[in-house]
Amino acid sequence: MDFAPYQDTDPQSTRALSPPPQRAASRSPNPKSPPPNRGTTDPFLASTLPAPSHFTDEPRGDSRAFGNTDLEGGRSNINLFDTSLPLRLDYEAMLAYLLLPPAGGVFLLLVEHKSDYVRFHAWQSSLVFTAMFIIHLIFSWSSILSWILFVFDLGLIAFLTFHAYQDANNLDRIELPFFGGLASSFVDAE
């Protein structure tokens, strides 16, 4: 068969045609399959399944009770602990500080779209450790200051990672001066 993009004749004209469909009455039975049972009804119509409300965790009762009204227009099904990645919220927030800062924060800003908690920690990690990188460049002439800054970086990473993990249960944010407020304003503006 010729697959050239420009041909003189239509390639469909030389193609072998499919055989015509067989009629249902002349169809021979398949020896491997059991004969069809024509007397049964649809099994899905005959089953009695419980109503979908049977599987919900919401308490049954008066729908006018306190807390059952939808004030946000359909946003009651949003889970604050959902993330875009298949990781737990606390692990993902920790990765903002542990994945080679500030690159880990930038990576999470690109892939995480559901969790404001993780996005806050990603913004804060990106901002803080970009500033620390610039400070490292400024003081790179002194090996003693570079080592002191390096130890400070490790302590700051450990402190922020610990709080990102620990505070994920109640979504508290540990905000560093200046950078935490800036990260919060970025997340709130999104």
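Q: How many residues does helix α4 have, and what span does it reach?
A: Helices are DSSP runs of H or I with at least four residues, numbered from the N terminus. The expected span is 1.5 Å times one less than the number of residues. In this predicted model, α4 (residues 116–138) has 23 residues and reaches 33 Å from first to last C-alpha, close to the 33 Å expected. Residues are numbered from 1 along each chain as its sequence is written, local features need pLDDT of at least 70, side-chain atom pairs count only at pLDDT 80 or more, and totals for chains, interfaces and linings use all residues. Side-chain values use heavy atoms, leaving out hydrogens and water.

Q: Which residue caps the N-terminal end of α4?
A: S115 does, with a side-chain oxygen 3.4 Å from the backbone nitrogen of Y117.

Q: At what angle do the axes of α3 and α4 cross?
A: Axes are lines fitted to C-alpha atoms, for helices over the stretch in contact, and angles run from 0 to 180 degrees between N-to-C directions. The axes of α3 (residues 103–111) and α4 come within 7 Å and cross at roughly 145°.

Q: Which residues of α3 and α4 meet?
A: Contact means heavy atoms within 4.5 Å. From α3, G105, V106, L108 and L109 meet V118, R119, A122, W123, S125 and S126 of α4. These residues divide into six nonpolar, three polar and one charged; Gly counts as polar and Arg as charged.

Q: How many helices and strands does the protein chain have?
A: The chain has six helices and zero strands, strands being E runs of at least two residues.

Methods
A polar contact is a pair of N or O atoms within 3.5 Å; within protein, one must be able to donate a hydrogen and the other to accept it, and residues adjacent in sequence count only if both atoms are side-chain atoms.
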